[in-house]
Amino acid sequence: MDTIILGIESSCDDTSAAVIKNGYLLSNVVAGQSVHEAYGGVVPELASRAHQQNIVPVVHEALKRAGVRKEELSGVAFTRGPGLMGSLLVGVSFAKGLARSLGIPLLDVNHLTGHVLAHFIKTEGEEADLPTYPFLCLLVSGGNSQIILVKAYNDMEILGQTIDDAAGEAIDKCSKVMGLGYPGGPIIDKLARQGNPKAYTFSKPHIPDLNYSFSGLKTSFLYSLRDWLKDDPDFIKHHKEDLAASLEATVVEILMDKLRKAAQQYNIKEVAVAGGVSANNGLRNAFREHADKYGWKIFIPKFSYTTDNAAMIAITGYFKYLNKEFCSIDAPAYSRVTLK
Ligand code: KG4
């Protein structure tokens, strides 16, 4: 019998629904929220209101594109956390209502686990090259920078994580002080392609274990910029490409140094990357270089899986469904960052 899972994601500012049948993706619909652009960041109250407006049409569209009737669904997977509470509640409540009305199981998914398991999504007509357990995953987003040892779909160990800012957060903040716009990641990425990554040197952290730190880099960037602006008020205008390239190169170097250390320490050669920052071209290139130099087998997600999406929620729900790991109707959403 077919296993058809509807996934629902509403943890931040994207409302998304996806359908996965027997591990194969049939549809993945994402509605973004442009309402936040004017504020330079996500406004939680506006986000939850937009989710409320989007959720029904987005789910409807995902089912339509998949060619699946809701009565055919085996289970409903939803992001339970972490994320913005008001945003999460829209998806959580919708998923509970739908699952109950159809009399099918509910599957709660941790958003971060979803990012990691996105590497297992299969697409009809495309050759599936899936990671084998155990593998390492570098999870890099606006809120997280973690090295995860993935032992099974439901057994993950955090080997190292940031003790202050996340990689994406540091890039976003540096971009903001340069007046480049929000979110800074894609802007820095684009500018960096035209700049010299060796033009400037910023400080790198010295932490002995597998943890990260990005606040020192951020401070070093701000102080250097302040000095350069004293001499030349148009410094940013004239050097933004080199600044972006040097900043990106430092972030990538910090990330890869620890990842390499983890791979050596745990003797693992299968290495994946996930999360919003995994869209970064400098980071993707560094992964390819590491594959050549260290014999790593690498897993780089499709761009559509780097940002928030329900496909990754549906695939995680699919694995849980096969293992009968169902969730109770009274399970609350959680906002804090955990990996469960
Ligand atoms: O995983 P994600 O979509 O969600 C949050 O954690 O909120 O990650 C968003 C982060 C932001 O910091 C954004 O600037 C960064 O991912 N990002 C990038 C790129 N695209 C998005 N950073 C560097 N290069 C990119 N191309």
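1. S74 touches D2, T3, I4, I5, I104, P105 and Y321, leaving aside residues up to four places away in sequence. Contact here means heavy atoms within 4.5 Å. S74 sits in the loop between helix 1 (44-66) and strand 4 (75-81). Helices (H or I, at least four residues) and strands (E, at least two) are DSSP runs, numbered from the N terminus. S74 has a relative accessible area of 7%, so it is buried. Buried means under 20% relative accessible area, exposed over 50%, and partly exposed in between (1.4 Å probe, protein chains only).

2. A word on the basis. The model is predicted: local features need pLDDT of at least 70, side-chain atom pairs count only at pLDDT 80 or more, and totals for chains, interfaces and linings use all residues. Residues are numbered from 1 along each chain as its sequence is written, and side-chain values use heavy atoms, with hydrogens and water left out.

3. Strand 7 (residues 145-152) is largely enclosed by the rest of the structure, because six of its eight residues are buried. Strand 7 pairs with strand 6 (residues 135-140): the two run antiparallel and are joined by six bridges. Two strands pair if DSSP finds at least two bridges between them. L136 has L149 of strand 7 as its bridge partner. A hairpin of four residues connects strand 6 to strand 7.

4. Strand 7 also pairs with strand 8 (residues 155-161), again antiparallel, over six bridges. Here I147 has G160 of strand 8 as its bridge partner. The hairpin from strand 7 to strand 8 runs through two residues.

5. The structure holds 15 aromatic pairs. Rings of Phe, Tyr and Trp (its six-membered ring) pair if their centres lie within 6.5 Å; planes under 30 degrees apart count as stacked, over 60 as edge-to-face and the rest as tilted. Y200 and W228 make a tilted pair, because their ring centres are 4.7 Å apart and their planes are at 45 degrees. This pair links distant parts of the chain, 28 residues apart: Y200 is in the loop between helix 5 (184-192) and helix 6 (215-231), and W228 is in helix 6. Y200 counts as buried, at 16% relative accessibility. W228 counts as partly exposed, at 23% relative accessibility.

6. W228 also pairs with F202. That pair is edge-to-face, with 6.3 Å centre to centre and 65 degrees between the planes. It too links distant parts of the chain: F202 lies in the loop between helix 5 and helix 6, 26 residues from W228 in helix 6. F202 counts as buried, at 4% relative accessibility.

7. Elsewhere, F120, Y133, F135, Y153, Y318 and F319 form one aromatic cluster. Two arginines lie over ring faces. R226 lies over the face of Y223, 4.8 Å from the ring centre. R284 lies over the face of F303, 4.0 Å from the ring centre. The criterion is NZ of Lys or CZ of Arg within 6 Å of the ring centre and within 35 degrees of the ring normal.

8. Polar contacts to the ligand need checking by name. A polar side-chain atom of D189 is 2.8 Å from a ligand nitrogen atom. An N or O atom in the side chain of N280 lies 3.1 Å from a nitrogen atom of the ligand. G185 uses a backbone N or O atom, 3.1 Å from an oxygen atom of the ligand. A polar contact is a pair of N or O atoms within 3.5 Å; within protein, one must be able to donate a hydrogen and the other to accept it, and residues adjacent in sequence count only if both atoms are side-chain atoms.
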